[in-house]
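Thank you all for making time this morning.

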Amino acid sequence: MPRYGRAAVGLAAVALLGSLVAAAPASADPAALANTVLTTGSAGGTAVAVSDTLQASLRTGTTANFYSSATGTTGVKCAASTFTAMALTNPAAPGTATESLTGQTFTSCTSNVAGTLGVNSVTVDVLPYSVSVTSAGAVTLTGPIQSTVSLRTLIGNVTCVYKANGNVVRGTASNATTSITFVNQPFTKSAGPGTCFSSAYFSATYAPVRDITQGGATVYVN
């Protein structure tokens, strides 16, 4: 069953939303174990509690990419990204858990877009976003998902604003790879000069998602 990695980008924005593992305590109280969609420590471990804070960063050695096409490598990539979410519901498995994506950051970003000298910032706008996670590992972000990219150019700074197509960003959670992955999630430019490419495709892998409220235990999907 899928193990929950990390989630979101607003320009991705989303999505929008790194990797690690923790073993379930051998002396765990059976009463504390629950067959809920989200558990900590192991699949079928301790239930993630409503209002717990979940957090994840990019999987080690990977980048978050905002490219101008689904097959190209022109655009912006960021070496660091972290998301923070709050658990809202965590029903019995199989089922669908819900969360609120309350924060997402992108830093250490670079650009190879023609005419640009660098990246000032990548900001996820109009948070929070709604997040659902199914027992099958389908992760869906919904809301007015939008990101703003500030680029340095020879003629000064330019601002590019992108919105997620259909206000949706989709990812996949995997226990096997301790990750949550977004692949070529489409965004469309809503504001910005010609330097800003008209479409942006967001890809990133976060692992693992950790329950900060429960001491940083790894979160699994059941």
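This is a predicted model: local features need pLDDT of at least 70, side-chain atom pairs count only at pLDDT 80 or more; totals for chains, interfaces and linings use all residues.

**A walk through the strands**

Let me start with Ile155, whose place is in the loop between β12 (146-153) and β13 (156-164), where the strands are DSSP runs of E of at least two residues, helices are runs of H or I of at least four residues, and both are numbered from the N terminus. Residues are numbered from 1 along each chain as its sequence is written, and side-chain values use heavy atoms, with hydrogens and water left out.

Is Ile155 buried or exposed? Ile155 is exposed, because its relative accessible area is 80%, and the cut-offs are that buried means under 20% relative accessible area, exposed means over 50%, and partly exposed is in between, with a 1.4 Å probe and protein chains only. Together with Leu117 and Leu154, Ile155 makes a nonpolar surface patch of about 420 Å². Such patches are made of residues with over 30% relative accessible area and no salt bridge, with nonpolar side chains (Val, Leu, Ile, Met, Phe, Trp, Tyr) joined within 5 Å and like charges within 9 Å; a salt bridge here is a side-chain nitrogen of Lys or Arg within 4 Å of a carboxyl oxygen of Asp or Glu. The areas themselves come from the Shrake-Rupley method with a 1.4 Å probe, and for residues only the protein chains shown count as cover.

Stepping back to the whole protein, the secondary structure comes to 0 helices and 18 strands. Of the 222 residues, 50% are buried, and the accessible surface comes to about 8800 Å², with 57% of that belonging to carbon and sulfur atoms.

Next, the pairing of strands, where two strands pair if DSSP finds at least two bridges between them. Strand β18 (residues 217-221) is mostly covered, with 5 of its 5 residues buried, and strand β3 (residues 38-40) runs antiparallel to β18, joined to it by 3 bridges, with Thr39 having Tyr220 as its bridge partner. Strand β17 (residues 210-211) is also antiparallel to β18, through 2 bridges, and here Asp211 stands opposite Ala217. β17 and β18 form a hairpin with 5 residues between them, and Gly215 in the turn has a positive phi of about 75 degrees.

A further group is built around strand β14 (residues 168-174), which is joined by 5 bridges to strand β11 (residues 138-142), the two running antiparallel; Leu141 has Val169 as its bridge partner in β14. β14 also runs antiparallel to strand β15 (residues 179-191), with 3 bridges, and Ala173 stands opposite Ile180. Between β14 and β15 there are 4 residues in a hairpin, and Thr178 in its turn has a positive phi of about 45 degrees.

How many disulfides does a search of the whole structure find? The search finds 2, a disulfide being a pair of cysteine sulfur atoms within 2.5 Å. One joins Cys78 to Cys109, with an S to S distance of 2.0 Å, and this pair links distant parts of the chain, since Cys78 is in strand β7 and Cys109 in strand β8 (residues 96-111), 31 residues apart. The torsion about the S-S bond of Cys78 and Cys109 is about 105 degrees, so this disulfide is right-handed.

The other joins Cys160 to Cys196, also with S to S 2.0 Å, and it too links distant parts of the chain, with Cys160 in strand β13 and Cys196 in the loop between β15 and β16 (199-206), 36 residues apart. Why is the disulfide of Cys160 and Cys196 left-handed? It is left-handed because the torsion about its S-S bond is about -75 degrees. Cys160 counts as buried at 1% relative accessibility, and Cys196 is buried at 3%.
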